[in-house]
Amino acid sequence: MSPTGRFVTFEGIDGAGKSTHVAQSIDWLRARGHEVLATREPGGTELAEALRELLLHRPMSLETELMLMFAARRDHLERLVRPALAAGRWVVCDRFTDSTWAYQGGGRGGPAERIAWLEQWVHGDLQPDRTYLFDLPAELAAERRASARAADRFEREDEAFFRRVREAYRQRAGQSPGRFLVVDSRRTIEEIRKLLEEDIASIGI
Ligand code: TMP
């Protein structure tokens, strides 16, 4: 077993189908004897989950949204993520700062320099070792979302918003090709599962 854990994140627009694969990847790692912290953002700790409720359901300005995202992240990192990594555990996180770049930056048009500043302040040089970006055209993601649970504040945004979010994600992936693996969400669940297992094995099992 690998002595040091890895920090792995899953990203993508709402409806791109990442949740199934987050769960499968966690099961797969645990079945191989790894200790895994399975977590999510915004959320993960009691305080960050309380902030998540506000973020997903209360109206607020872009600035408030951006700072609450990073406030939740800071608590999550301090209490859960950093201690788990320090103990050699794997951390599998459903969304992280790439979501902020995509949603508050791309989707809402938030200023890049402020996001960069907050990112540096809140997590310094800590970045995921690997990020799986589930990529799907906005119109297909909207169809998939239509059959899902009641929409939150983000899921109620229009298709143009999600086109911008997708574009921002793809730009981010282009800037860090060594960290990102872009997964075409139109592939079958089985194909994606195999791809992810091979890739996770390659980064540290
Ligand atoms: P989830 O439904 O995938 O758990 O994510 C919750 C929502 O929060 C999702 O619509 C994306 C949004 N989000 C942001 O806008 N910025 C962020 O930094 C994070 C982590 C999530």
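1. Helix axes here are lines fitted to C-alpha atoms over the stretch in contact, and angles run from 0 to 180 degrees between N-to-C directions. The model under review is predicted. With that in hand, take α4 and α7. Their axes come within 8 Å and cross at roughly 135°. The crossing of α4 past α7 is right-handed.

2. Next, the residues behind that crossing. α4 brings Asp 98, Ser 99, Trp 101, Ala 102, Tyr 103, Gly 106 and Gly 107. On the α7 side they meet Phe 161, Phe 162, Arg 164, Val 165, Ala 168, Tyr 169 and Arg 172. By class, this contact has eight nonpolar, three polar and three charged residues. Helix α7 itself covers residues 159-175.

3. The pair α2 and α3 is worth checking next. The two axes come within 8 Å and cross at roughly 160°. α2 is therefore roughly antiparallel to α3. The handedness of this crossing is left. From α2, the contact uses Leu 47, Ala 48, Leu 51 and Leu 55. From α3, it uses Glu 65, Leu 68, Met 69, Ala 71, Ala 72 and Asp 75. Eight of these contact residues are nonpolar, none is polar and two are charged.

4. α1 passes α8 in a right-handed sense. The α1 residues in contact are Thr 20, His 21, Gln 24, Ser 25, Trp 28 and Leu 29. Those of α8 are Ile 189, Ile 192, Arg 193, Leu 196, Glu 197, Ile 200 and Ala 201. The contact divides into seven nonpolar, four polar and two charged residues.

5. Now the largest pocket. Its space is about 950 Å³. The lining has 42 residues, and the closest to the pocket centre are Asp 14, Lys 18, Arg 95, Arg 149 and Glu 155. By class, the lining holds 16 nonpolar, 11 polar and 15 charged residues.

6. Which helices each supply at least two residues of that lining? They are α1 (18-31), α2 (46-57), α3 (62-86), α4 (97-107), α6 (138-146) and α8 (189-204).

7. Arg 95 deserves a look at the backbone as well. Its phi is near 80°, a positive value in a residue other than glycine. Arg 95 sits in the loop between β3 (90-94) and α4.

8. The bond from Glu 41 to Pro 42 is cis, with omega near -10°. Pro 42 lies in the loop between β2 (36-40) and α2.

Key
Residues are numbered from 1 along each chain as its sequence is written. This is a predicted model: local features need pLDDT of at least 70, side-chain atom pairs count only at pLDDT 80 or more; totals for chains, interfaces and linings use all residues. Side-chain values use heavy atoms; hydrogens and water are left out. On a 1 Å grid over the protein atoms alone, a cavity is a set of points where a 1.4 Å probe fits but cannot get out, and a pocket is an open set with protein on both sides within 12 Å along at least five of seven lines; lining residues have an atom within 4 Å of a point. Grid points are joined across faces, edges and corners, and a volume is the space filled by probe spheres set on the points. Helices (H or I, at least four residues) and strands (E, at least two) are DSSP runs, numbered from the N terminus. Ala, Val, Leu, Ile, Met, Phe, Trp, Tyr, Cys and Pro count as nonpolar, Asp, Glu, Lys and Arg as charged, and the others, Gly among them, as polar. A crossing is left-handed if the near helix is turned anticlockwise from the far one by less than a right angle, and right-handed if clockwise. Contact means heavy atoms within 4.5 Å. Angles under 35 degrees count as roughly parallel, over 145 as roughly antiparallel, 65 to 115 as roughly perpendicular and the rest as oblique.
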